Amino acid sequence: MVRKNKLYKHHKSKAFFLIRNFSFVFLGLISVGVAVTVPTYIASTKSEQVPLKADYDESQKEDNKVEPEENVEPKEVLHY
């Protein structure tokens, strides 16, 4: 069996195969870009912000703290 050149066998030019291969690569890159950007865009446009557990714990600790009064003297001074 005699092997024929792909260009001769299909009667296509070399530019056709180059453009076809580059188009497959381009479509692959576009699909990866869309797969990354669409979920990122959806997440960034959400109006509801989900609080993190660490932020929630810190806010609970801050709520339980008692603010010291400015005019109260320390206990050491009161003993004398």
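The model is predicted, so local features need pLDDT of at least 70 and side-chain atom pairs count only at pLDDT 80 or more, while totals for chains, interfaces and linings use all residues. Residues are numbered from 1 along each chain as its sequence is written, and side-chain values use heavy atoms, with hydrogens and water left out.

**Overall layout**

- The protein chain has four helices and zero strands; these are DSSP runs, numbered from the N terminus, with helices (H or I) of at least four residues and strands (E) of at least two.
- Along the sequence the pattern reads α-α-α-α.
- Of the 80 residues in the protein chain, 1% count as buried.

**Around Phe 16 and Phe 17**

- There is one aromatic pair, formed by Phe 16 and Phe 17, with 5.2 Å from centre to centre and 80 degrees between the planes, which makes the pair edge-to-face.
- Rings of Phe, Tyr and Trp (its six-membered ring) pair if their centres lie within 6.5 Å; planes under 30 degrees apart count as stacked, over 60 as edge-to-face and the rest as tilted.
- Phe 16 is partly exposed at 37% relative accessible area, whereas Phe 17 counts as buried at 11%.
- Lys 12 has its charged end over the ring of Phe 16, 4.9 Å from the ring centre; the rule asks for NZ of Lys or CZ of Arg within 6 Å of the ring centre and within 35 degrees of the ring normal.
- Leu 7, in helix H1 (residues 6–10), is ten residues from Phe 17 in sequence, and their C-alpha atoms are 8.8 Å apart.

**Helix H2**

- Phe 26 lies in helix H2 (residues 14–45) and counts as exposed, at 52% relative accessibility.
- Ser 44 is also found in helix H2 and is exposed, with a relative accessible area of 54%.
- The side chain of Ser 44 reaches the backbone oxygen of Tyr 41 at 2.9 Å.

Note on methods: Buried < 20%, exposed > 50% of the residue type's maximum accessible area, 1.4 Å probe, protein only. Polar contact = N/O pair within 3.5 Å; in protein donor to acceptor, adjacent residues only side chain to side chain.
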